[in-house]
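Reader: Could you walk me through this model, one question at a time? Please start with the ground rules.

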Amino acid sequence: MTIKQVAILGSTGSIGVNTLDVIRAHPERFKVVALTASKQVDRLAQQCAEFKPAIAVLADADGAARLEKLLRDQNINTQVLYGPQALVTAVTDSGCDTVMAAIVGAAGLVPTLAAAKAGKRVLLANKEALVMSGNLFMQAMKQGGGELLPIDSEHNAIFQCLPNQYTKAPSPGLGVEELWLTASGGPFRNTPLDQLGGITPEQACAHPNWVMGRKISVDSATMMNKGLEVIEAFWLFGLSLEKIKVFIHPQSVVHSMVRYRDGSVIAQLGQPDMRTPIAYGLAWPERIDAGVAPLSLTQLAALSFNEPDLARFPCLSLAFAAAKVGGTAPTVLNAANEIAVAAFLDEGMPYLQIPNVVEKTLSAIPVSNADSIESILEIDAQARTVTRDFIKTFNS
Ligand code: NAD
Ligand code: MG
């Protein structure tokens with residue numbers, strides 16, 4: 001068996017740590033060759049001490065100097081780099097063949113695109129990268145000739161429910177009629193609407209079923225996460241938007257489904273534990289032990305499925321609308337949402353302003369073609385500025 005050489009973009013986050021957990025159990029299959037983080041120097045130092053990658057990357061020079069010192073003291077000769085361009089170096093110069101794209105938000109786009117162009121196996125957790133640049137990203141994958149394996153649990157489930165040999169958009173011959181994405185509905189699925197005004201970041205980040213980073217936890221509470229996932233599914237699986245449906249399934253046991261022409265519906269079930277999709281992506285087409293407890297059918301509560309209430313989850317409607325418009329609208333949606341969520345988490349912006357701010361930004365910025373990485377990054381930057389300005393006017 002050839003050992004897979006793995007680079008992890010965002011190794012200190014929730015997905016990154018789960019990825020290392022799966023890798024740790026299979027040293028005969030995987031070798032870590034690059035690890036990257038934004039600011040968590042101590043955690044990255046521990047990871048480097050354990051996995052001894054060729055390259056480690058931090059966001060800035062101060063962090064890199066601290067990491068360098070910690071590693072030299074232990075005689076570990078990992079090369080320490082910093083800054084956005086170093087994330088690309090971690091992908092192109094580490095000798096990796098597999099890249100876990102697990103940076104949160106737009107910051108992951110450029111290195112993930114580099115992995116796509118370089119023909120790596122891309123394990124895509126960083127859905128924002130695909131939402132921002134769907135067409136370009138899929139083209140880059142095609143050009144590079146590598147494999148794209150979705151790690152987001154819903155998309156990983158759909159991938160598993162499609163025929164084995166599927167790696168590109170399903171051809172009409174597959175008989176796929178619809179993709180059914182499940183959503184937990186987050187912590188406020190049943191909260192009276194008049195109580196949503198006072199939601200705190202801690203309440204929004206307390207997801208009932210999944211333990212995740214703070215940004216995606218808030219996205220799950222607003223259901224913007226499911227909106228981003230509809231756009232993600234559109235690009236990954238090449239079906240029209242009308243064929244992608246969302247169902248609230250509070251138990252998070254059925255991770256998503258594919259409905260076929262002949263009446264069959266194929267579902268993937270499992271514990272809400274990201275190590276299952278991560279292990280599947282790492283070892284595909286084989287299956288390996290992910291360290292996940294077996295699902296016990298008889299201990300499950302009843303499984304239920306409902307249509308989402310769009311009045312409760314306006315972010316979901318905004319995402320559907322942006323997806324329909326296409327071009328740079330999803331780029332703007334994503335950028336506005338990142339800024340709005342950060343303002344809610346770190347600056348006390350009220351929870352209910354998140355959809356307002358996103359909607360205002362979407363209507364303020366004209367849609368154009370998302371046809372080059374430069375134009376996408378420019379629109380992303382413009383949308384961030386416009387969103388910050390709206391937030392300032394709310395605060396004044
Ligand atoms: P997280 O916040 O726990 O971790 C994010 C990682 O990205 C960290 O290692 C952080 O250091 C790094 N990072 C953040 N900003 C950066 C920047 N500007 N430059 C370089 N590195 C930066 O997030 P997470 O929950 O692990 O999510 C990561 C991605 O995976 C997100 O796109 C999320 O939507 C997706 N995802 C996560 C889960 C989950 O269960 N956590 C499930 C599905 C999809
Ligand atoms: Mg998901």
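Author: Domain bounds here come from an automatic or database domain assignment. The model is predicted, so local features need pLDDT of at least 70 and side-chain atom pairs count only at pLDDT 80 or more, while totals for chains, interfaces and linings use all residues. Residues are numbered from 1 along each chain as its sequence is written, chains are lettered from A and ligands numbered from 1 in the order in which they are written, and side-chain values use heavy atoms, with hydrogens and water left out.

Reader: How far apart do the C-alpha centres of domain 1 and domain 2 lie?

Author: The assignment gives domain 1 (4-150), domain 2 (152-321) and domain 3 (326-396). Domains 1 and 2 touch through 29 residues from domain 1 and 29 residues from domain 2, where contact means heavy atoms within 4.5 Å. Between the C-alpha centres of domain 1 and domain 2, the distance is 25 Å.

Reader: Where does ligand 1 lie, and why?

Author: A residue is near a molecule or strand if one of its heavy atoms lies within 4 Å of it. On that basis 22 residues surround ligand 1, the closest being T12, S14, S38, E128 and G213. Both domains give residues to this shell, so ligand 1 lies between domain 1 (4-150) and domain 2 (152-321).

Reader: Which helices each supply at least two residues of that shell?

Author: Helices (H or I, at least four residues) and strands (E, at least two) are DSSP runs, numbered from the N terminus. The helices that each give at least two shell residues are α1 (14-24) and α6 (127-144).

Reader: How much of ligand 1 does the protein bury?

Author: Look at the polar contacts, pairs of N or O atoms within 3.5 Å (within protein, one must be able to donate a hydrogen and the other to accept it, and residues adjacent in sequence count only if both atoms are side-chain atoms). Oxygen atoms of ligand 1 lie 3.1 Å from a backbone N or O atom of G13, 2.9 Å from a polar backbone atom of S14 and 3.4 Å from a backbone N or O atom of A125. Taken alone, ligand 1 exposes 830 Å² (Shrake-Rupley method, 1.4 Å probe; for residues, only the protein chains shown count as cover). Of that area, the protein buries 85%.

Reader: Is E338 buried or exposed?

Author: E338 sits in helix α13 (residues 329-347). Beyond residues up to four places away in sequence, E338 touches G105, A106, E128, K215 and R384. Buried means under 20% relative accessible area, exposed over 50%, and partly exposed in between (1.4 Å probe, protein chains only). At 14%, E338 is therefore buried.

Reader: And what does R259 count as?

Author: R259 belongs to strand β10 (residues 254-260). Leaving aside neighbours within four places in sequence, its contacts include E177, E178 and W180. With a relative accessibility of 26%, R259 counts as partly exposed.

Reader: How far apart in space are V33 and Q5, C-alpha to C-alpha?

Author: V33 is in strand β2 (residues 30-36) and is buried at 6% relative accessible area. Its contacts, apart from neighbours within four places in sequence, include Q5, V6 and A7. V33 and Q5 are 28 residues apart in sequence, and their C-alpha distance is 6.1 Å.

Reader: What do the buried residues of α7 pack against?

Author: Helix α7 (residues 153-161) is mostly covered, with nine of its nine residues buried. Among them are H155, I158 and F159. The buried residues of α7 pack against β7 (148-150), β8 (176-183), α10 (224-237), β10, β11 (265-269) and α11 (275-283).
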